[in-house]
Amino acid sequence: MIAGVEIILPCLDEADALPAVLAELPPGWSVLVVDNGSTDGTAAVAAAHGARVVVEPRRGYGAAVHTGLLAARSELVAVLDGDGSLDPAVLGPMADAVRAGGVDLAVGRRVPRAGAWPWHARVGNALIAALLRTRGVPVHDIAPIRVGRRQDLIDLGVADRGFGYPLELLLRAGAAGWRLHEVDVAYRPRAGGRSKVSGSVRGTVRAVRDMGRLLAAPGFS
């Protein structure tokens with residue numbers, strides 16, 4: 001494994017957003033784009049802007065993240081959406097917290113700007129986060145930005161390959177006694193394209209449904 005942090009960007013049709021996203025990432029960090037079946041040239045755009053690209057044809061956020069973890073080459077990895085909605089300026093402090101040894105997983109807590117977070121997505125997220133806190137997992141968001149040690153994340157054994165991946169990760173981390181560190185992150189309107197989850201009531205319902213199944217699953221309920 002190499003030193004430093006590698007940023008994993010799970011992407012589905014993010015060709016419009018990627019140039020701005022890649023330009024904002026911390027300089028000198030390796031970038032791995034996982035193309036999750038895009039039809040808009042996402043992989044070509046990523047490669048043209050200096051990112052390493054791997055392909056995960058099986059659709060699903062969890063599938064893309066897992067493939068990224070397996071392909072990553074750094075001890076520490078960051079996972080960030082490729083749509084430009086999350087300010088990557090927090091990645092440095094998040095990585096520092098994990099590297100210092102007092103934190104096993106740094107996660108983001110979205111602070112939304114106007115127009116960035118539809119009410120239906122915000123309500124669904126708040127409900128799931130509240131249920132997590134009743135189970136001793138001290139988070140206020142199920143945000144798609146995190147930093148941790150690559151091998152530890154793989155060994156955690158997250159099995160969900162869809163929208164439920166971030167929740168299962170937190171549930172397993174809590175059950176394993178991981179020390180979590182939540183950091184505020186600016187949440188902005190996406191740089192291009194349309195959200196696959198929060199952009200519609202249907203997407204939000206699907207995500208909450210997947211997460212609800214996890215919360216009711218044996219071992220997590």
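In this predicted model, Leu9 touches Leu18, Val21, Leu22, Leu25, Val31, Leu32, Val33, Val34, Leu80, Asp81 and Gly82, when residues up to four places away in sequence are not counted.

Leu9 also belongs to the largest nonpolar core, which has 34 residues. Leu9, Leu80, Leu91, Met94, Ile145 and Val147 are the residues with the most contacts inside this core.

Another core, of 29 residues, lies apart from it and includes Tyr61, Ile128, Tyr165 and Leu167.

Strand β1 also holds Glu6. Is Glu6 buried or exposed? Glu6 counts as buried because its relative accessibility is 2%, and the cut-off for buried is under 20%. With neighbours within four places in sequence left aside, Glu6 is in contact with Ser30, Leu32, Arg52, Ala72, Arg73, Ser74, Leu76, Val77 and Ala78.

Strand pairing can be followed from β5, which covers residues 105–112. β5 and β6 run antiparallel and are joined by three bridges; Leu105 has Gly148 of β6 as its bridge partner. With β7, β5 pairs in the parallel sense, over eight bridges. In that strand, Asp184 stands opposite Arg109.

Terms used
Residues numbered from 1 in each chain as written. Predicted model: local features only at pLDDT ≥ 70, side-chain atom pairs only at ≥ 80, totals over all residues. Heavy atoms only, no water. Core = buried A, V, L, I, M, F, W, Y, C linked by side-chain atoms within 4.5 Å. Buried < 20%, exposed > 50% of the residue type's maximum accessible area, 1.4 Å probe, protein only. Contact = heavy atoms within 4.5 Å. Pairing = 2+ DSSP bridges. Helix = DSSP H or I, 4+ residues; strand = E, 2+ residues; numbered from the N terminus.
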